[in-house]
Amino acid sequence: MSRETLKTLFHPYVTETIALPQAGERILFLGAEAGFVTPEGFGADLVLVQGFRPDFRRLENARHAPLAVVEGDEYDAALILATKHKGLNETRIAEALKRVRTGGMVVIAGSKEDGIQSLRKQLDRLGLQPESMPKYHGVAVWFAVPEETASAIAALASRPVMIEDRFETFAGQFSHAHVDPGSELLASRLPQGFDGNAADFGAGWGYLSVMLKEKAPRTNRIDLFEANYEALEQAKINVARNCPDLTARFFWQDLTAEAPKEKYDLIVMNPPFHEGHAAEPSIGEAMIKTAAAALSQGGELLLVANRGLPYETVLATHFRQHGETCRNARFKVLWAKK
């Protein structure tokens, strides 16, 4: 998130277009990120909510006390940083409508790339009478919470999506409407005779872990690691629904900075490879290095990647052997042995 957008979010308070909150008031900050500065005279306590582990840790490092999920209600206002995920933006606004008292302000900021103008129009169609102000290459949009919120909440709140009639997901999670094609390709190459301890790095809503247990029923245990708190909670549901007998553990961790504490015989992963719109292989490279350190001697890594990403170099540096299992028009499945 641009520091500029954080400045945009607080600009209506800086100009006192919205009255500065007083001491004793509580303001909910959904999608909070480090680097914000409250204006002089801003007396309210901010309750910061951030479910993405790297951003959560940055807030902690900035000496805040963030929450992974929303708690409490009757807030005096809410702040929301818009993202490029339309469904996530809508879900956060619905959450604010549930948690903020009648008459309290909901302030949203985003850039053109975040779809902030179409979001403002949507709020207008819902009868929320939003106002807006451009600043710092973004737009701040705000409205007062009306007495009747049920219809707006119903229109905005995320509904569960069922994939293959057995995986439940929500908007804002990676590949929430269908199985990711890369994960599907990797699943087709999972080992059938595996019977050791495995880890799923970047487990998302749990697809690869379920597929590994189904391909290799004798799998002893799978540890799921995921940076998105809500996706990990969804993985718990999907694993319990599809593999009730699987011994599974769930870890909310940033694998680029927080290493697992145990060793594994097998690690599977579909690492994220985008930061914004550009390919960013450093995330996957960091996760590969973490996987190398977390594998037992002779353990194996299986990963899927966009064909254009040069992971072979880092595999050669950190593993005794490595190679390619298969590829299609978009993806390749790579293996490496410790």
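In this predicted model, seven strands form an open sheet in the order β11-β10-β9-β12-β15-β17-β16. The pairing is mixed. Strands of a sheet pair through backbone hydrogen bonds, either parallel or antiparallel. The edges are taken by β11 (248–252) and β16 (321–327). Each has a single partner strand, so one side of each is left without a neighbour in the sheet. On average, neighbouring strands are turned by 15° against each other, direction ignored.

Strands β15 (residues 295–306) and β17 (residues 331–337) pair through seven bridges, in the antiparallel sense. Within this pair, Leu303 has Leu334 of β17 as its bridge partner. Helix α9 (residues 281–294) packs on the sheet and touches β9 (197–201), β12 (264–269) and β15. The direction of α9 makes about 160° with that of β15. Another helix, α8 (residues 229–242), lies across β10 (221–226) and β11. Helix α8 runs at about 170° to β11.

Nonpolar side chains in soluble globular proteins tend to be buried together. Here, the largest nonpolar core has 34 residues. Those with the most contacts inside this core are Leu186, Leu190, Tyr207, Leu212, Leu224 and Leu266. Two or more residues each come from α6 (181–187), α7 (207–215), β10, α8, β12, β15 and β17. Helix α7 gives the most, with five residues.

Leu266 illustrates the packing. Leaving aside residues up to four places away in sequence, Leu266 touches Pro191, Phe194, Asn197, Ala198, Ala199, Leu212, Leu295, Glu300 and Leu302. A second core is separate and has 28 residues, including Leu30, Ile80, Ala82 and Ile108.

Terms used: Residues are numbered from 1 along each chain as its sequence is written. This is a predicted model: local features need pLDDT of at least 70, side-chain atom pairs count only at pLDDT 80 or more; totals for chains, interfaces and linings use all residues. Side-chain values use heavy atoms; hydrogens and water are left out. Two strands pair if DSSP finds at least two bridges between them. Helices (H or I, at least four residues) and strands (E, at least two) are DSSP runs, numbered from the N terminus. Axes are lines fitted to C-alpha atoms, for helices over the stretch in contact, and angles run from 0 to 180 degrees between N-to-C directions. Contact means heavy atoms within 4.5 Å. A nonpolar core is a set of buried Ala, Val, Leu, Ile, Met, Phe, Trp, Tyr and Cys residues joined through side-chain atoms within 4.5 Å. Buried means under 20% relative accessible area, exposed over 50%, partly exposed in between (1.4 Å probe, protein chains only).
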